[in-house]
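Hi,

Here is the structure I promised to hand over. Please open it first, then read my notes below.

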Amino acid sequence: GADRDDRVTIEATYTVGEYDILILSAKESDGLESWLIDNGYKIPEGATRVLGSYIKQGMRFFVAKVNLEEQSKLGYTMLRPLQVAFESPKFMLPIRLGTVNAKGPQDLIVYTLTQTGRVETTNYRTINLPSNVDIPTFVGGEFGDFYKALFSQQVEKEGMRTVFTEYAWNMAWCDPCAANPLSQSELQELGVFWLGDASVKRGRQPQAQNVYVTRLHVRYDGKHFPDDLVFQETGDTSNFQGRYVMRHPWTGNETCDAAQQYRKQLRERQENEAVMLARLTGWDLNEIRNKIGFAGEPEKSGNWWDKLWGKN
């Protein structure tokens with residue numbers, strides 16, 4: 001019993017926690033827009049064109065309104081996330097409507113759980129973030145700033161037209177582990193329906209199998225990402241994670257030839273790490289050098305005439 005009027009069809013209604021939810025369909029974008037406005041929703045200028053495109057594709061619209069009275073009863077101060085299940089022949093994520101009223105670029109992180117391998121976008125380039133590089137040890141104390149700067153630098157380098165893979169791994173194992181693989185019950189809560197019974201036998205933890213997780217990260221706006229994200233599940237099961245290595249220098253005070261040679265190579269290594277960090281983040285190279293605290297002083301080459309007279 002769908003509720004119909006001249007503009008939209010209310011396909012379903014739900015009350016879930018602090019949300020009042022409607023599933024809508026429409027035949028004309030003007031009708032949908034006017035219905036939303038009449039029902040208290042603020043529609044950004046320019047939304048008609050995007051709504052019309054989705055209507056032509058036969059899409060439904062998920063509309064959620066916060067029920068303040070219900071939220072007060074539940075005692076939550078933050079809105080909780082919503083989980084939605086649906087079936088569609090299209091493996092895509094609509095992002096265009098969110099660009100209409102966005103104030104600047106937006107960041108989006110997409111996790112996918114699939115059976116055969118990593119997920120990529122078909123209508124935009126998908127590349128791995130830089131990984132397996134040596135960086136100075138001081139970055140460990142400001143890793144959040146480092147990673148934000150690294151991502152922003154890569155976005156700028158690619159002209160904000162690229163989707164980045166940050167993580168891709170089979171959930172059955174990990175080495176090295178960024179975190180423990182998700183359990184079967186956790187995977188099922190996230191929507192993995194093909195694993196079967198998630199019950200735990202006494203003394204045994206179920207092992208996740210045949211589940212591959214991909215984490216994609218994209219910074220986008222309407223100019224650089226004019227189309228929705230379209231995905232494909234690939235057969236690529238190679239593992240990937242952003243890996244940044246911090247090698248702590250040896251701080252002994254031995255004066256043997258091997259120790260002197262090590263200090264010389266260490267300083268060269270630290271300089272290479274500084275250059276790499278500047279390249280990855282766009283940070284000022286001299287400021288990076290000042291933070292490193294180079295191990296030992298560089299060897300003095302002396303004056304050029306000392307070499308001529310055998311004094312060096």
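**Helix H1 and its cover**

Strand E2 (8-16), strand E3 (19-26), helix H2 (47-56) and strand E4 (61-66) are among the elements that cover the buried residues of H1. Contact here means heavy atoms within 4.5 Å. Helices (H or I, at least four residues) and strands (E, at least two) are DSSP runs, numbered from the N terminus.

Before you go on: this is a predicted model, where local features need pLDDT of at least 70, side-chain atom pairs count only at pLDDT 80 or more, and totals for chains, interfaces and linings use all residues. Residues are numbered from 1 along each chain as its sequence is written, and side-chain values use heavy atoms, with hydrogens and water left out.

H1 spans residues 29-38. Its buried residues are Ser 29, Gly 31, Leu 32, Glu 33, Trp 35 and Leu 36. Buried means under 20% relative accessible area, with a 1.4 Å probe and protein chains only. After H1 comes Gly 40, with a positive phi near 90°.

**Strand E10**

How many of the nine residues of E10 are buried? Eight are, so the strand (residues 162-170) is mostly covered. Two strands pair if DSSP finds at least two bridges between them. E10 has these partners:

- Strand E8 (residues 125-128) is parallel to E10, with four bridges. Ile 127 has Phe 164 in E10 as its bridge partner.
- Strand E11 (residues 212-220) is antiparallel to E10, with six bridges. Thr 214 in E11 faces Ala 168.
- Strand E13 (residues 240-241) is antiparallel to E10, with two bridges. Gln 241 in E13 is opposite Tyr 167.

**Two cores**

A nonpolar core is a set of buried Ala, Val, Leu, Ile, Met, Phe, Trp, Tyr and Cys residues joined through side-chain atoms within 4.5 Å. The largest one has 30 residues. Ile 135, Phe 225 and Leu 229 have the most contacts inside it. Elements giving two or more residues to this core include E10, E11 and helix H5 (143-157). A second, separate core has 18 residues, including Val 8, Leu 32, Val 50 and Phe 61.

Ile 135 also touches Phe 146, Tyr 244 and Glu 273, among others, leaving aside neighbours within four places in sequence.

Three strands form an open sheet in the order E5-E12-E7, with antiparallel pairing. Its edge strands are E5 (92-93) and E7 (119-121), each pairing on one side only. Three bridges join E7 to E12. Val 119 has Glu 233 in E12 as its bridge partner.

Best wishes

Terms used
Buried means under 20% relative accessible area, exposed over 50%, partly exposed in between (1.4 Å probe, protein chains only).
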